[in-house]
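Here is a short briefing on one structure.

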Amino acid sequence: MDYNPQEIEKKWQAYWEENKIYQTDSNTEKPKFYALDMFPYPSGAGLHVGHPLGYIASDIISRFKRMQGYNVLHPMGFDSFGLPAEQYAIETGQHPAITTAQNIKTFKSQLGKLGFDYDWSREVQTSSPDFYTWTQWIFQQIFDSWYNQNTDKAEPITDLIAHFEKDGNAHIQAVCDEDTPKFSAQHWAGYSETEKQAILLKYRLTYVADSVVNWCPALGTVLANDEIKDGFSERGGHPVERKKMKQWMMRITAYAQKLLQGLEEIDWSDSIKEMQRNWIGKSIGAEMEFEVCNTKGGVLKVFTTRPDTIYGVTFMVIAPELEMVEELTTAKQKEAVEAYVNWAKNRSERERQSEVKTVTGVFTGSYALNPFTEEKIPIWIADYVLAGYGTGVVMAVPSSDDRDFRFATQFGIPIKCVIEGSEGLEDPTEIKHGKLINSGAFDGMNTQDAIQEVIKEIEKRGIGKGKINYRLRDAVFSRQRYWGEPVPVYFEGNIPKVLPQITLPLRLPEIDEYKPTEEGEPPLGRAENWKFEDKYDYELTTMPGWAGSSWYFLRYMDAQNTEAFASKEATDYWNQVDLYIGGTEHAVGHLLYSRFWTQFLCDRGFINHREPFKKLINQGMIQGMSALVYRVKDKEQFVSADLIKDHETTELHVDVNIVEGDVLDIEAFKKWRPETANYEFITGKDGKFICGSRVEKMSKRWYNVVNPDAVVARYSADTMRLYEMFLGPLEQSKPWDPKNIDGSFRFLKKLCRLFEDKNGDFYVSGDTPSKDELKALHRTIKKVKEDLERYSFNTVVSEFMKLVNELSALKCDKKAIFEPMLRMMAAYIPHITEELWSKMGHIKSIHLETFPEFDEQYLKEDTFTYPIMINGKKRHLMEFAAELNQDDIIKEVLADENVQKWLEGKPPKKMIVVPKKIVNIVV
């Protein structure tokens with residue numbers, strides 16, 4: 001039987017779609033399994049062969065679970081708002097929706113060719129008004145909520161207003177702004193509506209605030225910390241500066257502790273959990289005040305995890321972004337401070353934290369008073385202090401903190417040791433814990449006891465309190481761009497109000513250009529007559545890229561629902577995503593925000609689960625195998641890689657699509673690089689021009705991008721699926737090597753040959769399988785099932801290959817062997833298994849059949865070959881029935897001629913039989 005994948009694969013893909021084979025069952029009596037990939041942004045470049053790696057894995061598991069009797073939800077959609085489409089719109093004037101629709105069409109075509117079992121009836125696109133209606137609705141619920149620390153959950157803002165009307169806020173335990181005033185019920189009743197709304201903003205879980213943000217002028221938008229690398233935008237590599245702007249914020253800090261606790265309940269890798277823990281950054285310590293010693297007075301408020309070292313504080317450091325910089329700076333230091341602040345404010349937080357060995361700073365000219373030593377200490381500005389962490393002010397203890405020590409050493413600031421044993425060291429920070437010295441009444445106390453005692457003293461003096469702090473900051477929720485979800489808010493004066501639900505969705509208006517206005521307003525400022533009720537201004541920023549992706553997994557559960565984001569029945573049934581697959585680049589962005597929104601929706605009773613993703617697998621990267629050619633220096637010549645040792649050369653990357661194995665298509669290269677049309681190409685052995693190679697990130701820059709369409713056209717979808725799984729463990733990165741894909745293609749042809757008679761025609765027999773055939777089959781079923789249950793995808797392919805080799809050697813042609821074998825392989829190679837299944841006379845799709853069960857009886861050994869050891873040396877081998885008892889084994893061993901020869905007529909002193917291992921004779 002010929003293997004004709006181009007014909008087979010198109011036929012079965014059409015059949016699956018026409019017959020809705022993969023449409024999710026509505027039978028909620030079945031056990032469920034929800035498999036999901038992180039949905040892609042539909043870029044103009046389409047997919048390369050690295051993208052489907054996780055998709056293939058989730059497809060295999062969803063097919064496997066369906067065959068085990070689960071009701072499987074395996075959807076796909078598109079994270080279709082994004083900067084690239086908007087940048088293209090700015091450059092060309094084409095509406096981002098047109099570009100996005102074209103790109104989605106390309107993606108769906110590519111995904112379709114790989115035979116995935118997606119239920120496309122549940123497709124979501126975050127840029128569709130049908131979808132972002134509910135993104136806007138969730139925003140409204142967050143806006144109309146506050147976090148009650150007494151009940152430890154989010155509650156409706158109307159409950160808070162009722163508290164205010166009855167008792168004011170004196171007894172309210174809530175997550176709110178630090179500067180929230182205290183007021184009574186009488187005060188509340190006397191406030192104007194504007195004043196009431198301003199106070200409520202200090203409690204709402206989403207609010208407007210002046211915030212220092214990462215502003216990218218080239219992209220015209222604010223970027224999150226995880227969208228910046230080394231001071232430049234990850235997308236486009238544009239400079240990013242720190243700038244204060246009015247922004248919508250999400251009060252994710254209210255959920256810091258819940259987000260930490262939730263990590264204990266989910267099956268994620270330790271490394272991803274640790275990244276989230278570090279991002280949340282829980283610290284236990286104290287907040288205290290230092291009085292400023294200048295004519296204006298005032299205090300500096302610090303948070304420290306080491307209040308016990310208060311006697312070692314010899315200077316203060318503040319973040320360059322703080323407003324207090326101006327009032328703390330003396331006239332003498334003004335010029336130096338301004339220059340330093342202008343330099344520092346444009347550096348990213350990541351940059352400032354990672355450059356630990358570079359010490360920079362400037363003295364403000366002002367001093368503060370150490371509340372315990374009553375000594376005046378200088379106030380400095382340094383970029384290693386971040387405005388967003390703690391209070392943006394550090395009490396510097398150079399004898400106990402590495403950065404403070406380097407700073408004090410650099411600028412000649414006194415160092416006072418407060419830990420016993422540190423005073424004689426060149427670097428006193430080597431000892432960070434122990435008994436206190438030079439610490440007044442706290443001398444002799446150990447670190448942990450002293451921390452608690454100093455906190456008590458701080459509280460007694462009224463200059464601070466014990467406090468838990470988090471590195472996690474409230475999330476910026478504004479983007480100064482067009483192509484995003486409109487924020488469903490209008491303004492009465494300066495007070496934001498959410499739109500009535502009946503008016504949703506608030507759709508993106510048509511505008512003439514997609515860039516900011518001349519006045520610096522976001523692109524939505526260009527919309528003409530775009531006002532609520534024709535009189536109130538709408539919010540002009542749009543939501544960030546993570547808005548839709550923070551809940552899209554819930555929409556798949558009930559994608560056509562027009563009354564809710566998903567029905568309670570649907571979310572109760574599908575609950576958490578059982579298997580979520582995606583890259584590690586989303587460790588602290590998408591994954592954290594998704595957990596936050598899920599926690600919130602659970603608090604408010606819209607869903608009944610707190611964590612979105614039960615099991616997370618981060619697939620590794622498929623790297624490119626770059627092809628290299630070598631140009632002879634100062635000559636119009638290229639030389640084959642096997643001859644470069646004889647020449648001085650420079651290296652150039654070449655498009656891998658014009659390289660066969662490692663042999664360059666010279667004519668294709670000349671067409672690709674016309675300037676080389678008259679160059680000489682010095683070939684190596686056999687007249688071939690050999691290319692060099694290097695493993696690098698798959699990128700257009702290195703011309704090493706392999707389009708999956710090309711692989712499918714040349715080999716088959718089943719070949720690509722098999723090859724990507726065979727490359728190695730899913731979590732590891734590995735190179736794409738075109739020379740090795742042939743092995744997967746040959747395996748599929750060998751599988752087909754099992755179904756041939758000697759004339760090459762399709763044939764299977766109804767004969768009873770042999771013992772060896774059954775043993776090979778059931779051993780493989782057992783191993784494959786075990787490996788799939790633990791997500792070991794590559795080892796399954798090895799088992800398939802081993803089985804086909806064994807059955808080929810046994811010349812197996814039995815239907816009773818082939819049927820369960822195909823059902824076992826169907827999840828990996830869905831097209832060829834469906835074809836062979838059909839040829840065997842089946843009408844029902846193989847993908848609606850059950851996964852085969854192994855039978856233990858076929859794995860039992862009938863006989864066992866024992867090594868016969870005489871005086872510690874192996875002298876013979878004897879085969880016995882596996883169940884033969886020890887006495888009978890001894891009788892047969894002693895009766896054997898070979899054994900008698902070694903015994904030389906002597907009776908054995910001792911005989912030991914270790915069942916199914918060894919027979920030991922001592923003479």
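**Salt bridges, a helix pair and a sheet**

Glu 789 forms a salt bridge with Lys 785, and their closest N and O atoms are 4.0 Å apart. A salt bridge here is a side-chain nitrogen of Lys or Arg within 4 Å of a carboxyl oxygen of Asp or Glu. The model is predicted: local features need pLDDT of at least 70, side-chain atom pairs count only at pLDDT 80 or more, and totals for chains, interfaces and linings use all residues. Residues are numbered from 1 along each chain as its sequence is written, and side-chain values use heavy atoms, with hydrogens and water left out.

**Salt bridges**

- Glu 789 and Lys 785 sit four residues apart in helix α24 (residues 771-789), so about one helical turn separates them. Helices (H or I, at least four residues) and strands (E, at least two) are DSSP runs, numbered from the N terminus.
- Glu 789 is partly exposed at 35% relative accessible area, and Lys 785 is partly exposed at 23%. Buried means under 20% relative accessible area, exposed over 50%, and partly exposed in between (1.4 Å probe, protein chains only).
- Arg 66 and Asp 117 meet through their side chains in a salt bridge of 2.9 Å, N to O. This pair links distant parts of the chain, 51 residues apart: Arg 66 lies in helix α2 (residues 52-67), Asp 117 in the loop between α4 (96-113) and α5 (129-143).
- Arg 66 is buried at 16% relative accessibility. Asp 117 is buried at 0%.
- Asp 119 and Arg 122 form a salt bridge at 3.3 Å, N to O. Both residues are buried.
- A network of salt bridges links Asp 512, Glu 513, Lys 515 and Arg 526.
- The structure holds 48 salt bridges.

**Helix contact**

- Helix α22 (residues 717-726) and helix α25 (residues 793-809) have axes that come within 7 Å and cross at roughly 120 degrees. Axes are lines fitted to C-alpha atoms, for helices over the stretch in contact, with angles from 0 to 180 degrees between N-to-C directions.
- Leu 722, Met 725 and Phe 726 of α22 meet residues of α25, including Phe 793 and Met 801. Contact means heavy atoms within 4.5 Å.

**Sheet**

- Four strands form an open antiparallel sheet in the order β19-β18-β21-β20. Two strands pair if DSSP finds at least two bridges between them.
- β19 (495-498) and β20 (531-532) are the edge strands, each with a single partner, so one side of each has no neighbour in the sheet.
- Two bridges join β20 to the antiparallel strand β21 (residues 536-538). Lys 531 has Asp 537 in β21 as its bridge partner.
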